[in-house]
Amino acid sequence: MTSRRTLLKGTLFGGAAALLPTAASAAGAGPLLRLPAPTGPHPVGMRTVHLLDPDRTDPWVGGVRELMLTVLYPARTVRGRSRAPQLTPDEATVFAEYAPRLHPGLPQPGQVDWGAVLTHGYVAAPPLPGRHPVLVYSPGGGDSRTLGTGLAEDLASHGRVVVLVDHPGDASQVELPTGMRTTVLMGPPDPATLRTMIHTRIADLRLVLDRLSGLQLAPVMDTRRIGLYGHSAGGTAAVYAACGDPRVGAVANLEGYLDPYDTPAGLARGLLLFRTDGFEGADRIESSWEGLPGRRALLGGANHWTFTDYGSLVPQLQTAGQVTSAARAALVGTGDPAATLARVRREVGTFFTRRLP
């Protein structure tokens, strides 16, 4: 059921140098994959943050609970700054190993140079002055925060600060100052593991909310306008983290079940329940959402991981002969990827614009 290891590095992570691609990654094998460009009027800055929670013990490995964040934000200028890769070289190596285990049908290690995928975020670019709404993202179970980059960049380019949260232990890989953490998940979690995972994520999200005012970018954050969003297990955690928390004004749940726990109470003022028409758990999703107030949206021609960067990357891999049509359909559906991406960006962006005006 589980697999866990720690790959120790000799140096600290988090500086600009750790975000820059290496010559080796740029010369790797396989197709050159591209993330879609953001559509907003602002360029995007990017910074990484390491958080410690001394009041909590990590449920997977013991010791103090650690988190890694990526913060994306509208930049005043990106002149003289470098675009960050989606993954650091070490993350790319581990991701290549774990991705096909977590998502059968993805290319095997050595077939794709994941370290060569560039984001549209510029490392440590100066932020755009003003006070911007804050959105906090939790990824799906087994996924790292980096797989939410494309949507986050688009949201940031339209004038929001977006915080991507990694959950060490269930994320495929998280590069911490103390080394690399890999996932304990290999296949669907049993009920006890799932409960631990969701409760840990809820606590992680609340820690991030508690620490927003202490981040370097706090002067450009409007903490009176906070939203949470998440995919799959991240959507579940986002909904429950918002319950009874007056700081959160809106929550977008991207195909996350809400039935393992009591009916959410004291929800934020706004709730988006967004699912695909291809997900095998659609009946359970609908049942678990029954009776909840909020906007519902259905994404046609799509499947579960369309809400992540796989929605853009997997069709490119299919075109390059690295992914079969059946694997693509199982992961992201058969719809036009550009149209699907535009719909996701429009639904999520419009929802937060209306709920966090």
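Leaving aside neighbours within four places in sequence, which residues is Glu-153 in contact with? In this predicted model, the contacts of Glu-153 comprise Pro-36, Pro-38, Val-44, Met-46, Leu-72, Thr-119, His-120 and Gly-121. Glu-153 itself lies in helix α3, which covers residues 149–157.

Glu-153 is buried, yet no salt bridge is formed by its side chain. The nearest side chain of opposite charge belongs to Arg-345 and is 5.8 Å away; a salt bridge would require a side-chain nitrogen of Lys or Arg within 4 Å of a carboxyl oxygen.

Helix α3 is also part of a right-handed β-α-β unit, together with strands β6 and β7. Strand β6 (residues 132–138) pairs with β7 in the parallel sense, over four bridges. Within this pairing, Val-136 has Val-163 of β7 as its bridge partner.

Strand β7 (residues 161–165) is mostly covered, with five of its five residues buried. In a regular strand, side chains alternate between the two faces of the sheet. Both faces of β7 are covered: Val-161, Val-163 and Val-165 are buried on one side, and Val-162 and Leu-164 are buried on the other.

Note on methods. Residues are numbered from 1 along each chain as its sequence is written. This is a predicted model: local features need pLDDT of at least 70, side-chain atom pairs count only at pLDDT 80 or more; totals for chains, interfaces and linings use all residues. Side-chain values use heavy atoms; hydrogens and water are left out. Helices (H or I, at least four residues) and strands (E, at least two) are DSSP runs, numbered from the N terminus. Buried means under 20% relative accessible area, exposed over 50%, partly exposed in between (1.4 Å probe, protein chains only). Lys and Arg count as positive and Asp and Glu as negative; His and the chain ends are not counted. Contact means heavy atoms within 4.5 Å. Two strands pair if DSSP finds at least two bridges between them. A crossover is right-handed if, with the strands pointing away from the viewer, the path from the first strand over the helix to the second runs clockwise.
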